[in-house]
Amino acid sequence: MEITQLLRGVLDLAVLAVLEEADAYGYDVLRRLREGGLEEVGDASVYGTLRRLYRAGALSSYVVPSDSGPNRKYYALTDSGKDQLEHSRKVWDTFTDHMSGILEMGTTR
Amino acid sequence: MVTKTTAPAAPTIDPWPPAATSYILAVEQALGGVDAEERQDLLDDLRTHIDALLEEEGDTVDLADRLGAPDDYAAELVDSAGLSTQPTRRGLLGSLHQRRQSLAASPRMVAAGQWLRQLRPAWWVARGYGLAVVASILDGGWVGKDEFPVPQVLGNSLTGLVVTAGLIYASVEVGAGRMDTSARGRGLAVRILSVVAVFGLLVQAVSGSNDFYPEPLDGGVYGELDLALSQLEGGQRALTLPGLDPVTNIYAFDTDGNPLQDVLLYDGVGNPLVLQDVTDGFGYPFDRFGLETDYRRDADGNLIPNLYPLTQYRTSQTGELAFDGAPPPPEGEQVPSVSREGRTRPVPEVFIPPLEDSESEPTTPSAGGPQAGGSGEQ
């Protein structure tokens with residue numbers, strides 16, 4: 001199974017989790033995801049996800065001038081985004097527990 | 001959705017490698033079916049992203065290798081952003097659109113675009129200046145070369161300087177992307193103000209190249225002038241220079257070069273020598289634009305149109321009296337004496353109105369009387 005296929009379903013959760021740690025701009029979100037082990041995540045996927053979460057009201061944005069480059073558009077979690085993260089985290093925990101159990105069934109058979 | 005602020009990303013790697021510009025144009029083309037505002041936001045993100053990549057990995061970074069082919073990148077964006085795309089244009093319009101897009105992405109057009117982008121700071125400054133010109137016009141003033149380089153605002157050059165500097169600063173900040181203009185209303189306002197600024201620049205260019213003001217010809221006081229009489233409206237005759245430029249004033253001197261005051265002038269058949277249509281139907285002199293004349297009046301309150309030199313003022317844009325154009329000859333300089341052969345001049349039989357505030361008695365010009373040793377006009 002390709003990781004990119006798995007990522008498709010959980011990228012929202014990953015992006016929300018990264019932003020819970022600290023506000024970040026697109027390039028920074030991408031870098032932190034990759035530092036967290038998601039090497040395969042695509043640049044366009046991250047920017048698209050950020051735009052979608054922003055449109056859905058899970059994120060707010062603000063601009064921070066940068067001395068070394070163009071203005072950076074930072075994203076931050078809104079209350080709605082925090083609720084979504086909390087809910088998704090529980091779903092993920094339950095899902096991984098179930099998946100682990102299922103996979104262990106296979107190995108112990 | 002909560003928005004604190006947003007602003008478009010302005011690339012700072014300048015000039016961008018043509019490959020980077022081509023990549024963005026290709027992605028833009030591939031995003032053709034996406035809502036315009038959303039597309040702009042996505043492209044702004046991409047510009048910022050590429051800018052960061054260029055900074056971190058250098059100009060030689062292979063974007064297609066790093067980000068994927070432009071079409072793939074766009075497709076991934078649309079998919080992950082959950083966007084719906086409109087069907088792309090078909091038929092003739094669609095093919096024209098595609099041709100335009102591919103032309104825009106060609107290396108030559110990209111290079112031309114990059115060269116033009118270098119001129120953007122000049123346009124930002126000009127836009128601020130153009131707005132200051134319009135502010136001056138709206139303020140009720142007018143703009144001309146006299147007030148270059150800074151138009152007056154509130155009738156004051158200092159205010160004009162402050163307003164001009166402020167508008168140029170704001171324009172540059174907006175142009176450089178340091179001022180938030182991403183909201184739809186603000187973006188529209190910037191575009192409208194840019195058009196207004198172009199109008200202001202055109203007004204400045206036109207008023208600077210044409211002479212709206214009749215300049216008093218101080219420098220021609222002693223010159224040899226080929227005077228001509230021209231017909232004014234209403235049948236009155238006035239002195240003009242060749243080309244029908246108006247003579248705006250006359251200074252008379254005696255043979256020693258001393259300026260004469262309160263000289264009444266008549267033409268050869270006794271008509272008062274006037275320089276302009278002295279009444280506008282309401283008992284006031286009709287003055288040329290930018291020039292006002294204080295005509296003296298006789299005891300009955302009637303204007304004396306041919307009493308020279310005229311007391312004149314230039315008017316500023318705000319209508320204030322800005323300049324008294326009276327004293328002609330520089331100190332110590334005298335008009336060279338001119339010897340004239342005595343000859344009989346026609347003696348007009350006219351009534352000379354007495355001057356209330358003049359010590360000299362009214363006189364009738366005569367052939368033997370003192371003649372002006374030199375005369376000129378301003």
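1. A salt bridge is taken here as a side-chain nitrogen of Lys or Arg lying within 4 Å of a carboxyl oxygen of Asp or Glu. In this predicted model, B:E56 and A:R31 form such a pair, with their closest N and O atoms 3.3 Å apart.

2. On the extent of the interface, 33 residues of chain B are in contact with 29 residues of chain A. The area buried between chain B and chain A comes to about 2600 Å², and carbon and sulfur atoms give 50% of that area.

3. Six salt bridges are found across the interface of chain B and chain A, and the count of residue pairs in polar contact between the two chains, both residues being at pLDDT 80 or more, is 12. On the side of chain B that touches chain A, at least two residues each are supplied by β1 (2–3), α2 (36–57), α3 (63–67) and α4 (70–80) of chain B. The largest share of that side comes from α2(B), which provides 12 residues. By residue class, the side of chain B that touches chain A divides into 12 nonpolar, nine polar and 12 charged residues.

4. Over all chains, a search of the whole structure finds 14 salt bridges. One pair that deserves a look is B:E38 with A:R51, whose side chains meet in a salt bridge at 3.2 Å, N to O. B:E38 lies in helix α2 of chain B and A:R51 in helix α3 (residues 43–55) of chain A, so this pair joins two chains. Both B:E38 and A:R51 are buried.

5. The side chain of A:R51 also meets that of B:D41 in a salt bridge, at 2.9 Å from N to O. Because B:D41 lies in helix α2 of chain B and A:R51 in helix α3 of chain A, this pair too joins two chains. For A:R51 the relative accessible area is 4%, and the residue counts as buried because the cut-off is under 20%.

6. Within chain B, the side chains of B:E57 and B:R66 meet in a salt bridge at 3.1 Å, N to O. B:E57 is partly exposed, with a relative accessible area of 38%, and B:R66 is likewise partly exposed, at 24%.

7. Finally, salt bridges that share partners join A:E21, A:D28, A:R31, A:R32 and B:E56 into one network.

Definitions and conventions. Residues numbered from 1 in each chain as written. Chains lettered and ligands numbered in written order. Predicted model: local features only at pLDDT ≥ 70, side-chain atom pairs only at ≥ 80, totals over all residues. Heavy atoms only, no water. Contact = heavy atoms within 4.5 Å. Buried area = accessible area lost by both parts, 1.4 Å probe. Polar contact = N/O pair within 3.5 Å; in protein donor to acceptor, adjacent residues only side chain to side chain. Helix = DSSP H or I, 4+ residues; strand = E, 2+ residues; numbered from the N terminus. Nonpolar A, V, L, I, M, F, W, Y, C, P; charged D, E, K, R; others polar. Buried < 20%, exposed > 50% of the residue type's maximum accessible area, 1.4 Å probe, protein only.
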